Amino acid sequence: MAVKPELRVENFENMAFGMFVHWGLYSIKESGEWAMEIHNISSDEYEKYADEFDAKNYNPRNMTKLAKKVGIKYIVLTSKHHEGFFLYDTNGLSDYDAPHSAAKRDLLREFLEACREDGIIPILYHATLDWHESHYKSDFNTYLEYLRKSVEVLCTRYGEIGGFWFDGNWDKRDADWKLDELYGTIRKYQPNAMIINNTGLSRRGQLEHEEIDSVTFEQGLPTPIDRSNMNKYVSGEMCQTMNSHWGIAKNDFNYKSTAQLIETLCACRKVGANYLLNVGPDKDGNLTKMQEAMLEVIGQWMSINGKAIYDGNPCNIQGYNKDFALTTKEGKIYLFIHDLKIVGNKNVTLGGRVDNPRAFTNLYRKINGVKWMDNNEELIFTQNEEEGLVCVNATGYPYGTNLVVRVAEVY
Ligand code: GLC
């Protein structure tokens, strides 16, 4: 039975677009957040990074202001990653935290203040796997209580948190993680917080506990969520790196194109999932120029098409190839049209055409008109209401633009 989403899940889904931020001691090394494990750095060696981690030029407002401008509604920040270092004041639980590092202050608090200033919802990534805390290997139950307490601190000392995004249970698949206690702590203090627990690369989209509010699709396009047998409405979210690492990696040049990111954002919304795009800031917690520039480009696209991204929901209307449609609660329909050409002159653009028929099926509502969201141009269309068939002449991109995915509004 499909059920109505709880308010927190509905709100989460409506946010549509989030930013993932991987920031920790590994940001000093600039070679990915798994460096400690993969490069075999001992705990003693690694701990020295904490004495260097001064976050001198940390200015989280730069990030939250940019997020707001780009149309990003929430940020998922690593309060603790697998390296075990806490970005916040653990209140006596551990010395391996920001106030005991060279920063000598609570960096998470500064981040949360910035989020609140700019109306960004903060969600906290919290690693369950821990390479630093020795009990993780030697006395798992003691470790679990340490983990739970570290979350309790987050729940009780920082005001309202939008959600908790766990990661690492895949490291001990068969262990009893005492999730009822962990999730119970969150429900007790933060009843409106989302609970997410990344199922990892091999179990995308799987629901592994009844308290989970959203399934994850790490680095993979989300599939439609089959809610027919669920006794609660669960949302979906795809997280993706801009290059090949989550934490900053200086010599990783494998950036995706902004066109790919725009297409991926759209593909997520096609099935109603959120898109969580990752950035790995530098050691000071500031985004690199490249990350900022890529976000700016997506923000420009969002300033034209954002409405369709936030308000549109999956529907039965079918497009062909990558084309698809979303509908709003008010009955508006948005057509997401891909792979057009720039219309122009054959000496400068590659043969853009003005005739570009695109068909949609299962569209039975009588339509009055179709127009592009970017320039309000009215499109010629034909409709066979009985057959539910609509054909739109999707004129190409006007010279001077390339929208990558061009969105038309049907009214
Ligand atoms: C993986 C990685 C981790 C990263 C996460 C983000 O689980 O272990 O480093 O933070 O994916 O989804």
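Biologist: Which helix and which strand each supply at least two residues of the lining of the largest pocket?

Modeller: This is a predicted model, where local features need pLDDT of at least 70, side-chain atom pairs count only at pLDDT 80 or more, and totals for chains, interfaces and linings use all residues. Residues are numbered from 1 along each chain as its sequence is written, and side-chain values use heavy atoms, without hydrogens and water. Among DSSP runs numbered from the N terminus (helices: H or I, at least four residues; strands: E, at least two), the two elements are helix 3 (35-38) and strand 4 (163-167).

Biologist: About how much space lies in the largest pocket?

Modeller: A pocket is an open set of points on a 1 Å grid over the protein atoms alone, where a 1.4 Å probe fits, with protein on both sides within 12 Å along at least five of seven lines, and lining residues have an atom within 4 Å of a point. Here 24 residues form the lining, and Glu33, Trp34, His82, Glu218 and Trp246 are the closest to the centre. The lining divides into 10 nonpolar, 11 polar and three charged residues (Asp, Glu, Lys and Arg count as charged), and the space of the largest pocket is about 390 Å³.

Biologist: How far is an oxygen atom of the ligand from an N or O atom in the side chain of Glu33?

Modeller: Of the 14 residues around the ligand (with a heavy atom within 4 Å), the nearest are His22, Glu33, Trp34, His81 and Glu218. A polar side-chain atom of Trp34 lies 2.9 Å from a ligand oxygen atom, and one of Asn198 lies 3.4 Å from a ligand oxygen atom. For the side chain of Glu33, the distance is 2.6 Å.

Biologist: Which residue in strand 15 stands opposite Ala359?

Modeller: An open sheet of three strands has the order 12-15-14, with antiparallel pairing, and its edge strands are strand 12 (357-360) and strand 14 (381-384). Strand 12 pairs with strand 15 (residues 389-393) over four bridges, where pairing needs at least two bridges found by DSSP. Opposite Ala359 stands Cys391.

Notes: Points joined across faces, edges and corners; volume = space filled by probe spheres on them. Polar contact = N/O pair within 3.5 Å; in protein donor to acceptor, adjacent residues only side chain to side chain.
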